[in-house]
Amino acid sequence: DGCGHTVLGPESGTLASINYPQTSPNSTVCEWEIRVKPGQRVQLKFGDFDIDDSDSCHSSYLRVHNGIGPTRTEIGKYCGFGFQMDGLITSESNEVTVQFMSGTHTSGRGFLAAYSTTDKSDLITCLDNASHFSEPEFNKYCPAGCVIPFADISGTIPHGYRDSSSLCMAGVHAGVVSNTLGGQINVVISKGIPYYEGSLANNVTSKVGPLSTSLFTFKTSGCYGTLGMESGVIPDSQITASSILEWSDQTGQVNIWKPENARLKRVGPPWAAFISDEHQWLQIDLNKEKRITGIITTGSTLAEYYYYVSAYRILYSDDAQKWTVYREPGTDRDKIFQGNTELYQEVRNNFIPPIIARFFRINPLKWHQKIAMKVELLGCQFSIGRAPKITMPPPPPPPQNKNDDKNEDFGDDFIHSVKTSWQTDKTTFTPEIKNTTVTPSVTKDVALAAVLVPVLVMVFTTLILILVCAWHWRNRKKKSEGTYDLPYWDRAGWWKGMKQFLPTKSAEHEETPVRYSSSEISHLRPREVPTMLQTESAEYAQPLVGGIVGTLHQRSTFKPEEGKEASYADLDPYNSPIQEVYHAYAEPLPITGPEYATPIIMDMSSHPSTPLGVPSISTFKAAGNQVPPLAGTYNKLLSRTDSTSSAQALYDTPKGQLGPGATDELVYQVPQSVAHSTGSKDE
């Protein structure tokens with residue numbers, strides 16, 4: 001009478017003292033006899049141990065033995081409050097006896113232990129939760145019997161379970177392990193969420209939970225997709241039933257709750273049986289064999305009709321003629337699945353191992369008021385053959401008599417028996433499972449197109465964006481450059497050109513002034529002379545010097561205007577109206593030309609001192625038709641060439657002020673040219 005929660009499976013199990021986790025009663029005893037497959041050994045792990053040791057394990061204790069019966073031998077005797085047993089107790093054979101004795105005591109919870117075969121090195125107990133492990137991902141083996149009334153879980157799939165939940169009990173709720181068999185779980189830890197939903201699945205109720213720092217989920221094969229009831233992939237013609245509820249309401253309208261109404265989340269009435277008894281069924285034809293891993297059910301979902309099924313059986317077939325009732329491995333009883341407890345809530349049940357069949361039938365056993373339900377099947381495509389290939393020698397030619405029917409029956413029975421055993425026994429290979437919710441199989445072409453189409457769209461979009469950006473950038477560069485500006489790639493030499501305008505003294509050249517008579521500027525006030533020279537300095541573009549003087553006749557930096565050329569005998573430019581001043585602009589240099597603009601060569605053809613070989617080009621526009629005589633004094637031009645340096649030309653720029661002894665004349669610097677004979681002539 002001292003036995004508490006007990007589930008003894010073929011490879012693992014769970015056992016606890018009576019009344020655990022409360023104080024165990026006095027004077028009770030219990031013995032558990034554990035057997036596993038021959039050749040295996042048993043390992044025992046304690047999740048909690050709290051037995052009174054006031055009398056040194058004399059009246060209250062736990063004893064473990066090798067073997068069963070009179071020939072058993074003792075492995076150890078244990079007692080103590082809060083006794084920590086980190087290691088495993090291992091047997092020497094495939095049989096173990098566990099004996100619990102409770103004497104007179106006032107406290108002590110008793111114990112809870114789990115066992116498995118020794119090849120399960122990562123065994124845990126039903127009390128372990130995710131907070132006991134620090135790894136972000138780990139594999140553990142859950143024993144059978146972890147659906148215990150004193151453990152709680154919060155959460156559901158796919159959102160995850162609160163970290164305080166029992167790992168193995170959550171595994172049963174998620175459908176990754178069986179409560180009667182146990183199994184391996186692959187746990188992944190992640191960040192917690194503020195709220196955990198509750199649900200009913202596999203006879204385990206998950207409660208609503210508050211915020212936690214972390215949660216855990218399970219890695220699975222992925223074979224949990226919907227098979228087409230809700231989506232309509234399964235047509236109405238493939239949903240049938242034993243009977244159909246048909247009735248007329250008070251308005252005289254006929255209501256027919258047909259089998260095709262039994263689609264989960266479909267608005268409207270459900271399927272309902274005309275007669276409510278244990279012989280009713282709802283049948284679904286999947287069109288071909290599928291791997292069925294679970295089922296979800298609801299009640300009528302109509303508040304005025306409080307109908308639902310609370311328990312049912314599952315049958316399956318390949319031809320809709322021979323039906324097999326679903327049973328868990330190692331048992332000879334039909335499995336009864338827990339259904340709904342009210343008409344709205346979705347309740348899930350998983351099949352471990354999964355069902356492989358084409359025809360699926362639900363047989364209600366318990367219901368509320370009437371049999372009415374909506375369902376959805378979970379699973380995936382079953383891509384391998386329905387049974388292992390059987391190699392048999394070819395039979396002799398059958399005689400032409402009635403034995404033909406007998407041979408055919410033998411072959412059918414043989415194939416059926418092989419197929420049945422193959423469905424329940426383990427296979428030595430893992431089939432390739434694809435998670436899908438549609439009946440047609442997904443081909444490789446569709447998967448390839450699903451990858452290539454987004455990639456091609458991204459590539460073409462990127463190319464278009466690059467072209468648009470390049471076009472805008474080019475337009476922006478064009479707008480930033482004036483009509484006569486240098487191209488942006490030639491602006492690097494700007495500072496080199498500006499150096500020509502800085503006042504510098506060169507020891508290699510002499511300044512030879514050109515003097516004009518004071519009569520030309522007598523009409524100007526002394527203060528206006530430097531002012532005019534400064535303000536009207538933009539009358540012509542300042543030439544840039546580059547190359548040798550011999551190439552200066554090839555280009556002009558000024559844009560000439562039509563009309564007769566003027567000479568140095570023009571009228572006083574300071575008497576001309578301001579609006580008549582012609583502002584010429586430099587033409588842009590070609591890319592292949594020299595880096596700097598070419599200098600201006602003044603027209604001195606009317607003077608005998610003009611250097612030979614230089615074309616006559618005037619830099620000024622004359623106001624009249626005839627060339628007036630030259631006013632002022634023209635001084636000689638000097639030019640000098642230094643063979644050790646590159647040729648440079650200095651151009652006339654107004655000096656800052658008049659020098660001493662030249663009160664009647666303005667002095668200008670004149671350009672120096674290539675070495676030639678110079679002369680002077682005064683007029």
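Cys469 is exposed, because its relative accessibility is 52%; the terms here are buried for under 20% relative accessible area, exposed for over 50% and partly exposed in between, with a 1.4 Å probe and protein chains only. The model is predicted, so local features need pLDDT of at least 70 and side-chain atom pairs count only at pLDDT 80 or more, while totals for chains, interfaces and linings use all residues. Residues are numbered from 1 along each chain as its sequence is written, and side-chain values use heavy atoms, with hydrogens and water left out.

The disulfides come next. A disulfide is a covalent bond between the sulfur atoms of two cysteines. Here the term is applied to a pair of cysteine sulfur atoms within 2.5 Å, and a search of the whole structure finds 5 of them. Counting bonded cysteines along the chain, the pattern is 1-2, 3-4, 5-7, 6-8, 9-10.

One of the disulfides joins Cys57 and Cys79, with the sulfur atoms 1.6 Å apart. The angle about the S-S bond is -80°, and the link of Cys57 and Cys79 is left-handed. Cys57 sits in the loop between β4 (42–50) and β5 (61–66), and Cys79 in the loop between β6 (73–78) and β7 (89–90), so the bond ties together parts that are 22 residues apart in sequence. Helices and strands are DSSP runs numbered from the N terminus, with helices being H or I of at least four residues and strands E of at least two. Cys57 is buried because its relative accessible area is 14%, and Cys79 is buried because its relative accessibility is 12%.

Another disulfide joins Cys142 to Cys168, with an S to S distance of 2.2 Å. Its angle about the S-S bond is -90°, which goes with a left-handed link. Distant parts of the chain are linked here: Cys142 belongs to strand β10 (residues 137–142) and Cys168 to helix α1 (residues 167–174), 26 residues apart. Both Cys142 and Cys168 are buried.

Cys223 and Cys380 are also joined by a disulfide, S to S 2.0 Å. This link is left-handed too, with -95° about the S-S bond. Cys223 is in the loop between β16 (214–218) and β17 (225–226), while Cys380 is in strand β27 (residues 372–381), and the two are 157 residues apart. Cys223 and Cys380 are both buried.

An open sheet of 4 strands has the order β3-β8-β5-β6, with antiparallel pairing; two strands pair if DSSP finds at least two bridges between them. β3 (28–35) and β6 stand at the edges with a single partner strand each, so one side of each has no neighbour in the sheet. On average, neighbouring strands of this sheet are turned by 15° against each other, direction ignored; axes are lines fitted to C-alpha atoms, for helices over the stretch in contact, and angles run from 0 to 180 degrees between N-to-C directions. Within the sheet, β5 and strand β8 (residues 95–102) pair in the antiparallel sense over 6 bridges. Val64 stands opposite Val98 in β8.

An open sheet of 5 strands has the order β1-β2-β9-β4-β7, again with antiparallel pairing. Its edge strands are β1 (3–8) and β7, each of which pairs on one side only. β4 and β7 run antiparallel and are joined by 2 bridges. The bridge partner of Leu44 is Ile89 in β7.

The interior can be read through its nonpolar cores, each a set of buried Ala, Val, Leu, Ile, Met, Phe, Trp, Tyr and Cys residues joined through side-chain atoms within 4.5 Å. The largest has 28 residues, of which Ile314, Phe351, Ile355, Phe360 and Ile362 touch the most other members. The elements giving two or more residues to this core are β18 (239–241), β22 (282–298), β23 (308–317), β26 (347–368) and β27. A second, separate core has 24 residues, including Trp32, Phe49, Met85 and Tyr115.

Contacts show the surroundings of single residues; contact means heavy atoms within 4.5 Å. Ile292 is in strand β22 and is buried because its relative accessible area is 0%. With the same exclusion, Ile292 touches residues including Leu227, Phe351, Phe360 and Leu378. Ile292 and Phe382 are 90 residues apart in sequence and 9.0 Å apart in space, C-alpha to C-alpha.

Notes: Lists of a residue's contacts leave out its neighbours within four places in sequence.
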